[in-house]
Amino acid sequence: MWESFIKEKIREIRETVGNGKAIIALSGGVDSSTAAVLAHKAIGDKLYAVFVNTGFLRKGEPEFVIKTFRDEFGLNLIYVDAQERFFTALKGVTDPEQKRKIIGKTFIDVFEEVAKEIDAEFLIQGTIAPDWIESQGKIKSHHNVGGLPERLNLKLIEPLRDLYKDEVREVAKKLGLPEKIYNRMPFPGPGLAVRVLGEVTPEKVAIVREANAIVEEEVEKAGLKPWQAFAVLLNVKTVGVQGDIRAYKETIAVRIVESLDGMTANAMNVPWEVLQRIAFRITSEIPQVGRVLYDITNKPPATIEFE
Ligand code: XMP
């Protein structure tokens, strides 16, 4: 069934783009990766895949994305290091929605500059069904849905628009994407910036990036298959002991949830040893962290992300 879906989408994209050029914002997540490879199969080098390093990516992600898509899949990949620009734009900002808006706007600014140089006519987007369903309900402003095509005066192509996450994973698998991508947990567009509560600084992002890598590693080692597993820097300092001295350090919350589509979710019943190992590793490998908490709340009432 997915073979015919792929064939049909390739035909549609090829027909729509014709001799024009198309661009896509490639994040390395399953949705945009699938859309990018699909479009690349359809139009080859007429697709320009723009990969923006916002500074909020997971550990090792920029290297992995470049290696996979430029070296292995042969995509026409444009890498933009915009880390400083994003951190500067977020200086002093603490409100979650404000953070999302600024990240979204900065992203569009960066993307627009690249798009103008390429002079493309089409924008391919990996939007999937829950993206536009949730953004209609205005639960959160998902920056990957709004804004881009209108401002850039580009014609939008959304090959995955009717699919849910599990279906996108099937398509990705059929397209030959590596398991690390099609089995990857969802990751929000604003990235680690919404996993540092309140003001975002390079130092705080570095802490949550390390903690997040530990959570992902231990969950994988334990053979667990949650919908998402991640770390959040609460930006609350708590007291602890270190030898004979009183320490005052950061707190990390661990969130591991099971879900079918992200619309509702349950906190996962993770074996105690796994949680203990995560807490031990985070507090011993990251000197700034003194306490680790496990979030046991379902969605609803809580959302999956903390911001
Ligand atoms: P929430 O936190 O609303 O998340 O329960 C539902 C799913 O969406 C992801 N998420 C986002 N994805 N931009 C995104 O692209 C965002 O701003 C955003 N906020 C949340 C979240 O990781 C979960 O999978």
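User: Where is Pro 301 placed?

Analyst: The place of Pro 301 is in the segment after β9. Strands (E, at least two residues) and helices (H or I, at least four) are DSSP runs, numbered from the N terminus. This is a predicted model, in which local features need pLDDT of at least 70 and side-chain atom pairs count only at pLDDT 80 or more, while totals for chains, interfaces and linings use all residues. Residues are numbered from 1 along each chain as its sequence is written, and side-chain values use heavy atoms, with hydrogens and water left out.

User: Which form does the peptide bond from Pro 300 to Pro 301 take, cis or trans?

Analyst: The bond from Pro 300 to Pro 301 is cis, with omega near 10°. The peptide bond from Lys 299 to Pro 300 is cis as well, with omega near -15°. Pro 300 also lies in the segment after β9, a strand that covers 289–294.

User: How many helices and strands does the protein chain have?

Analyst: The secondary structure comes to 11 helices and 9 strands.

User: What does the radius of gyration tell us about the protein chain?

Analyst: The radius is taken over C-alpha atoms, and the globule rule is 2.2 Å times the number of residues to the power 0.38. For 307 residues, a compact globule would have a value near 19 Å; the protein chain has 20 Å, which agrees. Along the principal axes, the C-alpha atoms fill a box of roughly 70 × 40 × 40 Å.

User: What share of the residues is buried?

Analyst: Buried means under 20% relative accessible area, exposed over 50%, and partly exposed in between (1.4 Å probe, protein chains only). Buried residues make up 54% of the 307 residues in the protein chain.

User: What share of the contacts joins residues at least 24 apart?

Analyst: Contact means heavy atoms within 4.5 Å. Among contacts between residues at least 6 apart in sequence, 77% join residues at least 24 apart.

User: Which value does phi take at Asp 119, positive or negative?

Analyst: Phi of Asp 119 is near 60°, a positive value in a residue other than glycine. Asp 119 sits in the loop between α5 (96–118) and β4 (122–124), and it counts as exposed because its relative accessibility is 58%.

User: What is phi near at Asn 235, and where is that residue found?

Analyst: Asn 235 has phi near 65°, again a positive value in a residue other than glycine. Asn 235 belongs to strand β6, residues 228–242. With 27% relative accessibility, Asn 235 counts as partly exposed.
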